[in-house]
Amino acid sequence: MSFRNTTYVEDVSPGSGALPPRAWYASSDAKSLSLNGSWRFRLSPTADAEDDSFAAEGYDAEDWASVTVPGHWVLQGHGAFGAPIYTNHLYPFPVDPPYVPTDNPTGDHLRVFDLPEDWPGAGDAVLRFDGVESCARVWLNGTELGEFKGSRLPHEFAVGRLLRPGGNVLAVRVHQWSAGSYLEDQDQWWLPGIFRDVTLLHRPAGAVGDFFVHASYDHVTGEGTLRVESEVEGRVTVPALGIDVATGESVTVPVEPWSAEIPRLYDGELATLGERVPLRIGFRTVLLEDGLIKVNGKAILFKGVNRHEWHPEKGRALGLATMREDVLLMKRHNLNAVRTSHYPPHPAFLDLCDELGLWVIDECDLETHGFTEQDWRDNPVDDDRWTPALLDRAARMVERDKNHPSVVFWSLGNEAGTGRGLTAMAEWIHGRDPDRLVHYEGDWDCRNTDVYSRMYAFHDEVEKIGRGLDGGTHKRRELPFIQCEYAHAMGNGPGGLADYQELFERYDRLQGGFVWEWIDHGIKHPDLGYAYGGDFGEELHDGNFVCDGLIFPDRRPSPGLVEYKKVIEPVRIEGDGADGTVRVVNKYDFADLSALAFEWSYQVDGETVEAGALSVPALAPGESADVKLPEPPAHGRDGEAQWTVRALLAADTVWASKDHEVAWAQLPVTERIKPSVAASDRPTASERLICLGPASFDARTGALKTIGGVEVTAPRLDVWRAPTDNDDGAEWQSDTRYGLLWRKFGLHRMHHRLDAVELGESALTVRTRVAPAAWEIGLSTVYRWTSDGNRLKLTVSVTPEGDWTVPLPRLGIRFGLAEADAVRWFGGGPGEAYPDSQSASMLGRWHSTVDELQTPYVRPQENGARADVRWVELGGLRIEGDPEFWFTARRWTSEHLDAARHLTDLTPGDRVWVNLDHGQHGIGSQSCGPGPLPQYLLRAEPAEFSFVFSEVR
Ligand code: IPT
């Protein structure tokens, strides 16, 4: 061994010196000592810049900096310790496996600790690292323990013989880059450091070693069978079931099964001579039967999400409270499944999934996506030299997590092509744990997997798969289908979720999917709000592709999550409001409806006039019932009437309190009465002004100037929106990307040509042509103003001219108000909606402020539209629409929004800009998937729409 040994860094082997992997558990009685906290830290630019003398006893590290463990050094030290790098799939270093750059940031970590007074003198001890990125070499009291790779996997070392009561010196050298980096090319920030717990575990004589809880459920007999295999013999007790058996012995008793919907856990204990370990046992059987994934005899439907571990300040060093918040948010939004993309999470997260109920696809820490750039040549997963490392990773995941009932699938990894190494992993996993299924998306022939899994398949292909018309290998044709990633939630969106869900529910073979992804990986930044790729001056980066979650970096739900919640609600409520009956369908796989209380309410013009309880039978899964609504309340007024029926939690649960809304529907009863204005007033012109009813116009241009006392910047046709990430689409998408086409055709720079200002008997008519420079396409646009003396009506008629080959971003008018803050409206709300992300938009009376109408997408883009608006009041005006319209208001223009890169670039101007849209283009999810479906395109077609303005005080 050389004095400055660094050969292990580029060695393809998983490492040396660590103990074999085993189950992760917290002991009831064996002592442990957390070594989390402040550590001494020294950063070097290369792997060999410093020798290993720092690991020796008596080394003086007084002048070193310090970092918090768990943590990533690049997120500490205010820039003094380097910076994060974001790439999607490109390796940020030359691809020459297993070699890594000479410039290899290396963090030496040092911690001196004493054993607690009550630390037993006898017995052994184990030092556990739960996660270190990407390669570590460890010394205790001057003795080298070994080195390891596999960032998001645990590694343990036997250290008992080295410990002493006081002054133990633990030294850890961490290299940012290693051969392991080639296996960790996940789409995320590269964040070196000791980012999970470091713990010293006492191992008494006769302690529990590894153990494997097998707890199956027979849905025919209602019995569960428990057998705990244990490395060290002992007894297994489960008091609630009267179980007291030896390890290895199996026992069958009547039990309540575990499912994500009803996560029944039994507390038990494994006791060996030297230790007691608590068990949380969930009885459930997962298998493939009749081409379906079945749990406890029933086919399940995944309503899932891909979760990366993320915190805007701590990166992947998450606290328990954050993990719990994630699970609670998921449960409260009707999600039932999570794929731990793309590595095993902190083990405590899986405890929460067991306890609160989520199906889990536990994914191995493996991705070699960057090899796609060289047609997968030299891909480590197809090179036998790397197979030991792959098997080590598979074993570290399976052994660590095998006792979690929530885990139903093992996933080999993500985006790693195909190869013998993956096959070896699948074979080993199948052999070690035949009671779970194996997932891997990259294997379209399903050689190694138990499910046909794809990502971002378009709706039409998904339908074809659902109907079994997709062909494929014989094996694939017999397998169920899931989308392990779909509906890319980058920026505004995803659109098209409801259309996917409809397919998943229609075809048995389709067992649901996992939206990409849970959270925006924005990094809190002093000047930029949240930083994304490129904000740290990276040489290569993928911009805000890292901000594609259903929740914002601060964990506030984005409209995409609210939409998803509605789309996957476990109770369908439908019917005909006029005939007063609702059909309630239980869409749970296991639960009946006894946990829910139903409520009806009756609205007239969005105002609730009466509400009450609705009695719905405790339907079994799959059952439905027709339920009679009460007599419609007498309200003595004409107006648009509707029922709203809601399903609420009947009592507090561990994940939400009583009255939490689970599902809802609205059933129209009577139609809306459209606004009408008699065109009785006659426009009169003076030298500078035209007057009509409450309004004045510029005499030369016909531009509206005031409505009563309210000054306005004249409304005119607007077709532009700040393109969303989904409008722009991903660069590799070869088919139509509308955001780009819109710019090509100049829809962001339309010219307005004035053709005529005509004063008629009862109308002021302004004729224009709205068109982009350089192109023959245009929109002939006529504004027709009428009034009954009090109210002012604008009718806009639009006729496309030329050959329009692109849809419009939006079609409506935009005007400016000098002052506006509070907003009230009757229409869809409370949040934003777009044509294909409109399910959660609830018709009612809503109020907000202009600032609160904005949705804070990390990269600014079109947002905040409210759908189906009948009327809105703001800035002293009331505006009614015929037909209903989309309403948006902001303190900056769409052009400003378009130019902004971060939210901090958006500064209020001297106007509030209001868009009243007749149409909006769909959203889709083309940032990594299909664009909007044809029915959501806003095609350039003749259109006519009106708004009635009046002053309110
Ligand atoms: C897919 C990846 O699996 C995921 O990690 C993420 O990068 C996602 O895309 C996009 O955000 S791979 C994609 C090229 C299909």
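Which residue lies over the face of Trp913? Arg814 does, at 5.8 Å from the ring centre. A charge counts as sitting over a ring if NZ of Lys or CZ of Arg is within 6 Å of the ring centre and within 35 degrees of the ring normal.

A word on the ground rules. This is a predicted model, in which local features need pLDDT of at least 70 and side-chain atom pairs count only at pLDDT 80 or more, while totals for chains, interfaces and linings use all residues. Residues are numbered from 1 along each chain as its sequence is written, and side-chain values use heavy atoms, with hydrogens and water left out.

A search of the whole structure finds 41 aromatic pairs (rings of Phe, Tyr and Trp, the last by its six-membered ring, with centres within 6.5 Å; planes under 30 degrees apart are stacked, over 60 edge-to-face and the rest tilted). One of them joins Phe129 and Phe157 edge-to-face, with 6.3 Å centre to centre and 80° between the planes. Phe129 belongs to strand E7 (residues 124-129) and Phe157 to strand E11 (residues 155-158), so this pair ties together parts that are 28 residues apart in sequence. Strands (E, at least two residues) and helices (H or I, at least four) are DSSP runs, numbered from the N terminus. Phe129 is buried, with a relative accessible area of 0%, and Phe157 is buried at 1%; buried means under 20%, exposed over 50% and partly exposed in between, with a 1.4 Å probe and protein chains only.

Another pair, Trp785 with Phe949, is tilted: 6.4 Å centre to centre and 35° between the planes. Trp785 sits in strand E50 (residues 778-787) and Phe949 in strand E58 (residues 943-951), so the pair links parts 164 residues apart in sequence. Both Trp785 and Phe949 are buried. Elsewhere, Tyr91, Phe93, Trp177, Tyr182, Trp190, Phe371 and Trp386 form one aromatic cluster.

His752 is 17 residues away along the chain, yet the C-alpha atoms of Arg769 and His752 are separated by 5.9 Å. Beyond neighbours within four places in sequence, Arg769 is in contact (heavy atoms within 4.5 Å) with residues including His751, Asp755, Glu776 and Glu801.
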